[in-house]
Amino acid sequence: MYGTFTSLLLLLGVAVALVWAFRRIKLPAILAYLCAGIIAGPHVMGWIPDPDEYHLIAELGIVLLLFSLGLEFSLPKMIAMRRLVFGLGAAQVLGSLLVFLTIGFLILGNWASALAVAGALALSSTAVVIKQLSESSQTATRRGQVSVAILLFQDIAVVPLLIVIPLLAGGGSDGSIAYSLLMAMVKGAAVIAVLMAVGKWILPFAFREIANQRTDELFVLATLLVALVAGGLTHAFGLSMALGAFLAGMMLGESKYKHQLEADIRPFRDILMGLFFTTVGMQLALNSFIQSLHWVLLIILGMALVKLLIIRYVAKALGERDRDAWGSAVSLFQMGEFGFVIVALASSYQLLSADVSSILIGVGVFSMAVTPLVIQKLQPLVSMLVRESEAEPNIEQKVDASASEHQVLICGFGRVGQTVSRFLDAEGIRHIAVDNDPMRVQEAVAGGAPVYFGDSAKRDILRAVGAARVPLIIISFSDDQRAIEVLREIRAMNEKAYVIVRSRDDLNLDKLNEAGASQVVPDTLEASLMLISHVLSHSGIPIRRILSRLEQERRNHYGDMHGFYPGSQTTIDHETADKLEFLHAVNLPEQAWAVGQAVADLDWDAHEVKLKALRRDDVEVEEPASQLELRAGDVVLLSGKPRHVESAERWLLEG
């Protein structure tokens with residue numbers, strides 16, 4: 001009835017309208033894409049009668065998502081996480097399979113059909129969980145890393161399930177099944193070895209040559225080509241395309257181009273991921289879903305309960321904190337996208353009836369739809385599940401508890417905000433910061449900085465960080481229009497605060513003053529020093545001491561102003577990569593090479609980095625003694641150029 005172009009145009013129109021509407025009411029965009037798919041699919045409007053036509057394009061979204069994730073997980077970090085991937089991940093998959101297989105056999109009376117159901121329910125959604133963890137700034141947390149480790153093993157476990165189900169349906173012998181699994185393992189090992197070799201010895205050279213051409217289009221094309229070729233190679237050998245893309249990203253994650261690669265891939269990834277979620281929504285038949293809603297809800301509750309208990313208790317047995325074990329378990333309660341693949345495969349071999357398949361699809365779509373809401377409310381849910389003594393207060397509670405003790409509030413934690421924070425730390429002035437860049441906040445919090453995630457233009461956030469009581473407020477970002485919005489909100493709750501505003505130039509000086517700025521300071525490094533002088537002076541520091549500190553900083557060539565935590569919006573290319581100086585927090589797991597080494601025995605100069613600080617049990621060790629030995633769980637704060645910091649991280653993890 002509709003041509004391909006018209007169908008796609010209608011789908012995009014509905015998706016745009018729903019994403020806008022859902023964002024307006026503070027709901028995740030994933031829900032909008034799922035609803036758009038349901039509306040455009042064959043069971044409602046019928047604009048797209050066959051969702052499989054878009055399946056390949058949509059799957060590319062998962063490929064690019066896993067490629068981006070791989071950029072954040074270097075090979076040394078993955079080796080250090082092997083206990084979680086092959087310990088906790090294997091226990092979750094095998095334990096869930098066993099429970100669901102037993103229940104399925106009791107209901108269906110057929111082992112092959114029960115295995116198909118068990119395989120679909122045992123797997124969680126890599127696409128939804130990783131996307132939501134990233135958007136909610138939880139990927140770098142311990143519970144986020146535990147979740148990612150389990151999801152990686154689940155992606156590996158898909159392969160034997162896809163091999164075994166057709167063999168069982170055809171009545172294959174034990175020997176043929178064992179042989180097929182063995183061949184799959186051999187192929188998998190071979191293709192992984194090839195990808196790792198190419199990533200280590202060929203890709204860095206290729207991207208260095210591409211970067212030297214200084215052509216953005218060529219860099220983007222090369223990035224897409226690498227991700228798709230890696231995914232296609234693993235797919236050709238019977239493995240998941242997403243696994244190949246993850247491995248390629250992991251190899252490039254050790255290069256100095258990782259930040260540029262992530263920035264280039266993000267627009268394509270987000271668009272294709274949206275298309276993927278619409279194809280998921282298209283598979284839901286509303287009539288069948290409503291008729292079998294009681295079964296769908298019952299299965300979701302049972303599935304969630306089994307996964308919660310297995311993940312929680314195995315994670316706890318492996319030494320994870322109770323709140324991290326519960327947090328990971330709650331995040332992975334749903335059925336995943338590979339569950340649809342297993343259901344479709346089992347249905348094609350007549351292992352599952354149409355009614356059972358419809359119920360399982362309903363379970364998948366509904367559980368994936370509520371996952372974004374669950375992950376958004378993960379902290380309160382975890383607090384309900386753990387003992388009160390272990391429960392973490394939410395951010396507003398933690399800030400409110402000590403907001404009255406802070407003398408300074410910093411709105412924006414970019415380079416200037418971080419510079420202000422360091423000088424305040426040096427003078428022992430209690431302060432707090434708020435920033436809306438999740439990546440920067442993750443890095444800064446890991447390094448011990450007093451910063452919280454939030455939009456400082458929102459009154460609720462300002463109230464939570466104590467803006468109504470703090471006597472001195474710094475607006476450190478250079479967006480004048482946004483600064484005016486923040487000023488209006490601040491003045492609505494605190495007329496007495498002294499507010500210092502950073503501005504790129506003096507074009508909006510009058511507007512900033514009218515909005516309530518007490519002092520407007522221009523940009524550049526000297527402007528940063530001017531801002532520091534105002535902050536310290538208003539905090540009661542003697543002027544002679546201030547002038548001495550500023551003169552010392554100039555003699556030191558602004559040494560303390562070098563190095564900053566990068567954010568997702570930090571621009572890094574071949575021209576600036578060797579000029580910037582980063583701060584990066586390295587968390588040492590149990591298997592890290594540096595664990596047990598004394599600070600003095602580690603040659604920091606050889607790796608061209610500085611040990612800026614050491615945090616142990618959330619307490620900063622000031623000027624760590626040369627004989628102090630590093631322990632598992634320590635956070636080492638490194639300072640240096642991006643490629644030197646990345647090289648030093650590999651050195652600390654694997655030697």
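**View A. Trp593 is partly exposed, with a relative accessible area of 34%.** Buried means under 20% relative accessible area, exposed means over 50%, and partly exposed falls in between (1.4 Å probe, protein chains only). Trp651 is buried at 9%. Trp593, Trp604 and Trp651 make up one aromatic cluster. The model is predicted: local features need pLDDT of at least 70, side-chain atom pairs count only at pLDDT 80 or more, and totals for chains, interfaces and linings use all residues. Residues are numbered from 1 along each chain as its sequence is written, and side-chain values use heavy atoms, with hydrogens and water left out.

**View B. Aromatic pairs in the model number four.** Rings of Phe, Tyr and Trp (its six-membered ring) pair if their centres lie within 6.5 Å; planes under 30 degrees apart count as stacked, over 60 as edge-to-face and the rest as tilted. Phe86 and Phe153 make an edge-to-face pair, 6.2 Å centre to centre with 90 degrees between the planes. Phe86 sits in helix H5 and Phe153 in helix H8 (residues 142-169), so the pair ties together parts 67 residues apart in sequence. Helices (H or I, at least four residues) and strands (E, at least two) are DSSP runs, numbered from the N terminus. Phe86 is exposed at 56%. Phe153 is buried at 15%. The Trp593 and Trp651 rings have centres 6.2 Å apart and planes at 45 degrees, so that pair is tilted.

**View C. Six strands form an open, parallel sheet.** Their order is E3-E2-E1-E4-E5-E6. The edge strands, E3 (451-453) and E6 (519-521), each pair on one side only. The twist averages 20 degrees from one strand to the next. Two strands pair if DSSP finds at least two bridges between them. Strand E5 (residues 498-502) pairs with E6 in the parallel sense over three bridges. Within that pairing, Ile500 stands opposite Gln519 in E6.

**View D. Helices H21 and H24 lie against the sheet strands.** H21 (residues 415-426) lies across E1 (408-411), E2 (431-435) and E5, running at about 160 degrees to E1. H24 packs on the sheet and touches E1, E4 and E5; its direction makes about 170 degrees with that of E5. Axes are lines fitted to C-alpha atoms, for helices over the stretch in contact (heavy atoms within 4.5 Å). Angles run from 0 to 180 degrees between N-to-C directions.

**View E. Ser478 is found in the loop between strand E4 (472-475) and helix H24 (480-493).** Ser478 is buried at 17%. Leaving aside neighbours within four places in sequence, Ser478 contacts Arg502, Arg504 and Asp523.

**View F. Arg83 and Glu320 meet in a salt bridge, 3.6 Å from N to O.** Arg83 lies in helix H5 (residues 82-108) and Glu320 in the loop between helix H15 (293-317) and helix H16 (322-331), so the pair ties together parts 237 residues apart in sequence. Arg83 is partly exposed at 24%. Glu320 is buried at 6%. A salt bridge is a side-chain nitrogen of Lys or Arg within 4 Å of a carboxyl oxygen of Asp or Glu. The structure holds nine of them. Another joins Asp324 and Arg321 at 3.0 Å, N to O. Asp324 is buried at 3%, whereas Arg321 is partly exposed at 43%.

**View G. Glu427 forms a salt bridge with Arg549, with the closest N and O atoms 2.9 Å apart.** Glu427 is in the loop between H21 and E2, and Arg549 is in helix H27 (residues 543-555), 122 residues apart. Both residues are buried. A network of salt bridges links Glu427, Arg545 and Arg549.

**View H. Leu115 lies in helix H6 (residues 111-122).** Leu115 is buried at 14%. Not counting residues up to four places away in sequence, Leu115 touches Leu97, Leu101, Leu161, Val164 and Leu168.

**View I. Helix H19 (residues 378-385) has Leu378, Gln379 and Val382 as its buried residues.** Seen down the axis of H19, these residues fall within an arc of 95 degrees, so they line one face of the helix. The arc is that of the directions from the helix axis to the C-beta atoms.
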